[in-house]
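Please open the structure in a viewer and keep the sequence beside it.

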Amino acid sequence: MINPKISIIMPCYNEAKRISQSVASAYQQRFTNFELIIVDDGSTDNSLEVLSKLSTQYPTLRFFSQTNKGPGAARNKALKKAKGEMIAFLDADDSWHPDCLLQLYQKLESDSDIAIAYSGWQNIGLEENKCKPFVPPNYETPEKIETLLMDCPWPIHAALTRIDAIHAANGFDDQWQTSEDYYLWLQIACFNKIALVPQVLAYYHHHQGEQ
């Protein structure tokens, strides 16, 4: 594939036990014009061995490695390798509904002024009252900036973004070890049009240990 429409970016740190499921989630998408770029961020388990096997199973999967620098730096490395016009982020322990990329892509394609299409999501692995499906509101209102400044509006894998908008924001601040995605969303969403896909399309998997 020479010019995929979407580049999926996945950082990996000690996710040998879970990453195969997340990769499978990507390749179960109804939208198939994508590449998957995985950057191993200095894992100390056998993640690289698992990635090597996965790359033989999925021809459009490319993986790279670096010394441990954090998820922002890993995503920035992948962004430099990306060939797609749009970027989707999927962490190595999360997953998507099969329609996720298709519906987010169609929303971005419907209006060239939209920089981010975002959707609803569901937590998996918490107590029942914290795992109800959630669809966020339409943030494209006159109060958008004030609302977005209150809290991170969506998890990183519940959005599709134009790569030009990410480059204009200079990617992730890799000095941050947390909330680096929120900072990126603010830089893009506060000054560009965003659009809601009002369906639950992303799943955030909670588990013991570091998220």
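**First stop: Q29**

Select Q29, which counts as buried because its relative accessibility is 4%; buried means under 20% relative accessible area, exposed over 50%, and partly exposed in between (1.4 Å probe, protein chains only). Before going further, note that this is a predicted model, in which local features need pLDDT of at least 70 and side-chain atom pairs count only at pLDDT 80 or more, while totals for chains, interfaces and linings use all residues. Residues are numbered from 1 along each chain as its sequence is written, and side-chain values use heavy atoms, with hydrogens and water left out.

Q29 sits in the loop between α1 (19-27) and β2 (34-41). Helices (H or I, at least four residues) and strands (E, at least two) are DSSP runs, numbered from the N terminus. Now display the surroundings of Q29: apart from neighbours within four places in sequence, Q29 is in contact with F34, W96, H97, P98, D99, C100 and L101. Contact means heavy atoms within 4.5 Å.

**Second stop: R30 and D99**

Next, select R30 and D99, whose side chains meet in a salt bridge (2.9 Å, N to O). The pair links distant parts of the chain, 69 residues apart: R30 is in the loop between α1 and β2, and D99 is in the loop between β5 (95-96) and α4 (100-109). A salt bridge is a side-chain nitrogen of Lys or Arg within 4 Å of a carboxyl oxygen of Asp or Glu. R30 is exposed, at 57% relative accessible area, whereas D99 counts as buried, at 16%.

Select E35 and R62, another pair joined by a side-chain salt bridge (2.8 Å, N to O). E35 lies in strand β2 and R62 in strand β3 (residues 61-66), so the pair ties together parts 27 residues apart in sequence. E35 is buried, with a relative accessible area of 5%; R62 is partly exposed, at 25%.

Move to K77 in helix α3 (residues 71-81). Is K77 buried or partly exposed? K77 is partly exposed, with a relative accessible area of 25%. Leaving aside neighbours within four places in sequence, K77 has contacts with V39, F64, S65 and Q66.

**Last stop: a network**

Finally, select R75, D91 and E180, which are linked in a network of salt bridges. The structure holds nine salt bridges.
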